[in-house]
Amino acid sequence: MTPEMPDVTRARHGRPVHHWRRDVVELAALFTAVAVADAVANLIGHGPDGPALLMISAIVLAATAGFHVWWSRRHGHAPPVSDTGARPTAVTRPAGPSEQPGAPETGLTGPGTLWRMRTTVRDEPGSLAALCTALAGHRVDILSLQTHPLADGTVDEFLLRAPGALPAADLTRAVALAGGTSTWIERADAHDLVDAPTRVLGLAARTALDASELPLALRQLLGRCTIRSLPATPAGGGPGPLPVPAEGVLEDTVMRLPAPEGGVLTVERPYLPFTPTEFARARALVELDGRLGPRMPRGHDVLTLPEGDDITVRRVDTGDLPAARAMHERCSARTLGLRYHGPVGDADRYLNHLLSPRFGRTLAAQTGSGRIVGLGHLLWDGDETEVALLVEDEWQRRGVGGELLGRLVGMAAEAGCASVYAVTKASNTGMIATMRALGLPLDYQIEEGTLVITARLDAPPESSASPLGPVTPYRLTDPAHRD
């Protein structure tokens, strides 16, 4: 459904134009030429040089006819010249404001606005052309177009550049008058300028390198959505989710896919139904992740603490579960209670969930011998982000928690998070001091002895996380990370 430039031999509605006046004139000229030729032949044909003159006349007529045919083929289908003297250029998208021949000035100035718009049209010839004409009438430039075929129509997804003073309501009204239904529109940015195949290939490459990139890839592929990973065996006990077929299930605004690690991956986007094309792309990413198995970048930092001890900070996952449980055993009941805010005996069963890259990122601080002495979690809670720390008793107040927290906050900032929060007890002076050491604006809320400290990421943290990779918000349904 790529829009085409209008053909000069066609009327506005696509029917051929029959130039009958030109045909009559050419027919009259033909008969006149025949009569003149007959008279000339009768006049000179009986003279002494008649045959030679007739032969020369035939050659001249043939050369003239050939020149006429060549000239007609070269210039007969050229587009008309506009009032400004410029000839319109053939393009593969509707002409923007600067490309419309003789387009009147509207007085709209200032930078344009990028919009992502999606609308449903009838799957019939001319439907897309009507939309493009309506957008061109408002001096809107179409930068890219994707089509999503449906059973009874087509969903057209546009990336538009509109005049800055043109409101979204005028755009949707123009599209509705041109035949578009179920229209949705939102602001876009420069990242949306990448074409769809390039973006999908890039997301697949990131997913192939790091298992924790799957949530990020799905969010960038599908836009604002809620992703829930439902484990086959919940950490808190009870029955798991109902299994889904291997090919997944698409139900309007919800898609369910088999999770690579077991269980069900649910993606919801209540404001906009998923199309079969989007479902197929999401399913392909999840299948790629499942086929490649567990994987994680192995970047790490070697740090020297103020007391002179060297520690290594690196990312960890479920493969480090035995070492994390061993650290739990070395921690006192008070330390575990400050971290998990609940029964100490339940701490171990949450570790598998916390270390899974599906629910966030985990950093570990380990000694030269490989013993883990600190864990830092960055956990996705919808549009918010939680940070949590656990440091072995013997290594507390030596800078381990500060190093972990600084890197976690740096990762959250790289993901575009507006803030991070920590849930602890009001008596946990160590966590409070570590949050204050970030140098960021803090908000405090206390409810029944539970303290929630929120850090606004208005300024960059003191520590960076360059070798440990970017992150993205990821909604959780299992409340274990809050216990």
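Reply: In helix α8, the face turned away from the buried side carries the exposed residues Pro322 and Glu329. Buried means under 20% relative accessible area, exposed over 50%, and partly exposed in between (1.4 Å probe, protein chains only). Helices (H or I, at least four residues) and strands (E, at least two) are DSSP runs, numbered from the N terminus. This is a predicted model, where local features need pLDDT of at least 70, side-chain atom pairs count only at pLDDT 80 or more, and totals for chains, interfaces and linings use all residues. Residues are numbered from 1 along each chain as its sequence is written, and side-chain values use heavy atoms, with hydrogens and water left out.

Me: Which residues of α8 are buried?

Reply: The general idea is that an α-helix has 3.6 residues a turn, so residues three or four places apart point the same way. In α8 (residues 321-330), Leu321, Ala324, Met327 and His328 are buried. They line one face of the helix because, viewed down the axis, they fall within an arc of 120° (taken from the directions from the helix axis to the C-beta atoms).

Me: And how do I read a sheet?

Reply: Strands of a sheet pair through backbone hydrogen bonds, either parallel or antiparallel. Here, four strands form an open sheet in the order β5-β8-β7-β6, with antiparallel pairing; two strands pair if DSSP finds at least two bridges between them. At the edges are β5 (226-230) and β6 (249-251), each pairing on one side only.

Me: How many bridges join β7 to β8?

Reply: Five, between residues 254-258 and residues 264-268. Val254, for example, has Glu268 of β8 as its bridge partner.
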